[in-house]
Amino acid sequence: MSFELETAAHPTGLKRVVIEPVSRVEGHGKVSILLDDEDQVKQVRLHIVEFRGFEKFIQGRPYWEIPVMVQRLCGICPVSHHLAAAKALDQVVGVDYLTPTADKIRRLMHYGQILQSHALHFFHLSSPDLLFGFDSEVAKRNIVGVSAEFPDIARQGVLLRRFGQEVIRVTAGKRVHGTGAIPGGVNKAVTREERDVLLKDIYQIIGWCRSAVALAKRLHLANAGLYNSFGAFRSNLLSLVGPRGALDLYHGTLRARDSAGEIIFDGVDYSRYWDYLTEEVKPWSYMKFPYIRELGAEEGWYKVGPLARVQNCDFIPTPFADAERREFVDFGGGLPVHATLAYHWARMIELLFSAEAIKDLLHDDDILGGELVVEGEHSERGVGVIEAPRGTLIHHYRVNEDDIVVRANLIVSTTHNNQAMNESIRHVAKRYLNGRKLTEGLLNHIEVAIRAFDPCLSCATHALGRMPLSIELFDAEGACIDTLVKDSHERCG
Amino acid sequence: MNPGLGIVPRLIIGIGNPSRGDDAIGPLAIERLEALNLPDVELLTDFQLQVEHALDLVGRREVVFIDAAASGAAPFSFEPAAPAADASATSHALSPAAVLQAFLRVTDESLPPAFVLAVRGYEFELGAPMSAAAARNLEAALAMLAARLAA
């Protein structure tokens, strides 16, 4: 696993192209590309605004406030932060096992979040590229174009999101800023009426999710040459897995496989994740680069998220999703699928799994009541790990004798995928950009690769008037000679 | 699924993150309006707008979006909103115009009159308190809105 194109041998005098911010990803990302006089790609980097200040934001607060406060770190997956924090604080209050009611309500909340997040990504953010082509007419390559030609897809995306949010509302207490998970358990059960409303729709939801898997699979197989090679790279895989190797997005032990699918480690208690995972700092990026400690930085980086999870597990404990997983694995022919665009197919398998898991939980009367919270002997340290929509999410806290959080460490999913995303866009740049005049369609190829990972680049702020995409081309002297924006073309030089 | 049942005629949505400085304008406005116990008004808040908020608009007589504005008029602007497929339609955070556009795409309903109350903010850092200037702008905006709701 090389780092080709990370750093140009002689960067002085190279032309510089900047894509900033990357659109259809959360928060702020920037891609810089250095080209020589023959327009050969010499350096490609994805820069991401790191979660700077997050630890400081958390430190100094009483531990019981944390599951609510951390939701404000990210407006896209607040429930994931809510649950990862609650899991870490379970350890602080001395709880190894939740009550069945608490465990199942948290799982229900989590699968609601997975469902709505995956639905948004596939139906609204990625489907324009996948349905129309990466360099199709930009005016059409958006959800409005999808709505015009594929109205059912656009509508189902909205209704799937709404359903997921209803699941979150009944389990967390509110659509946003919920308080459902607390250290040691949950603060409310689901009422029978709430359960029945959700049950009424769940079979329709499962049907739409099955159709979504079929669509993602059809798109991949119809153009397998492109989908298998676009931005593809081999890497290790990391995720939680549940008992007996089941896909479990809420809880489990850490498992890592190498690029050939062989186990690197398995059954690792995440409470000591730092014995297995560490991070490298690179001077050009705010975001760190995690890797498997025993393999070192060059060989130990990995990918997380749907593509890793669906292949890292041994089975999916729901029937429709497991049938789809088996077909996906068969497609790999005995080796892991490393195609970046296969993230979409794997993500839809997880979408289906989430819907089936929600159905099973809704049929379980434990969610309707019972003991909600337990407590044990307090401890100074807690680690919570969850498989968030985008991948493994780690929350780690240290609490003093006054119940104040004095240290916090968060490793978010997008950070785990940092090297993987950089690797993917370097492959795309080398394949599609070398020696060619850059156009919006060509540069969108870079964004297509990034979007496949569904990165959440942080920032729940969004004030009106801040979402332009600009692509700037600089000459060898550093002067801006061209600027492209999403819906118009203007010159600045 | 019928998202239109049990509807209150007027909807006010406050958008923003309470812990990001002046981005708290939207949720804080909702908190203040909640204290007024306004009849026939439903209040919602969220970090950002997304496609599913289109379903919250079904069956309403009027919709008001309250958001912090990083640029534009101070203390606030209050303008009608029209559906538009702007660049935000391709992001995790939609503009009010894009939500209205989504409403037209996914429902068969008539679009309710919609307005954007854009309150000028200045600082948006995580953990920062709301700036004094933004707080004054919010007071002015709420006074206008309260008078309008009472009319």
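User: What crossing angle do helices α6 and α7 of chain A make?
Analyst: In this predicted model, the axes of α6(A) (residues 151-172) and α7(A) (residues 192-222) cross at roughly 150° and come within 11 Å. Axes are lines fitted to C-alpha atoms over the stretch in contact, with angles from 0 to 180 degrees between N-to-C directions. Both are DSSP runs numbered from the N terminus (helices H or I, at least four residues; strands E, at least two). Residues are numbered from 1 along each chain as written, with chains lettered from A and ligands numbered from 1 in written order. Local features need pLDDT of at least 70 and side-chain atom pairs 80 or more, while totals for chains, interfaces and linings use all residues.

User: Why is the crossing of α6(A) and α7(A) called left-handed?
Analyst: The term applies if the near helix is turned anticlockwise from the far one by less than a right angle; clockwise is right-handed. The crossing of α6(A) and α7(A) is assigned to the left-handed class.

User: Which residues make the contact between α6(A) and α7(A)?
Analyst: A:Q156, A:L160, A:F163, A:E166, A:V167 and A:V170 of α6(A) meet A:E194, A:L198, A:D201, A:I205 and A:W208 of α7(A). Contact means C-beta atoms, placed from the backbone, within 7 Å. Seven of these residues are nonpolar, one is polar and three are charged. Here Ala, Val, Leu, Ile, Met, Phe, Trp, Tyr, Cys and Pro are nonpolar, Asp, Glu, Lys and Arg charged, and the others, Gly among them, polar.

User: What makes β13(A) and β15(A) edge strands?
Analyst: The sheet is open, in the order β13-β14-β15. β13 (381-388) and β15 (405-411) each have a single partner strand, so one side of each lacks a neighbour in the sheet. The twist averages 15° from one strand to the next.

User: What links β14(A) with β15(A)?
Analyst: Six bridges pair them in the antiparallel sense, with A:I394 partnered by A:I411. Their hairpin has five residues between the strands, and A:D403 there takes a positive phi near 70°.

User: Why is β14(A) called mostly covered?
Analyst: Eight of its nine residues are buried. Buried means 20 or more other C-beta atoms within 10 Å of the residue's own (exposed: 12 or fewer; partly exposed: in between), with C-beta atoms placed from the backbone. Helix α3(A) (residues 78-92) lies across β13(A) and β14(A), at about 150° to β13(A).

Technical notes
Pairing = 2+ DSSP bridges. Contact = placed C-beta atoms within 7 Å.
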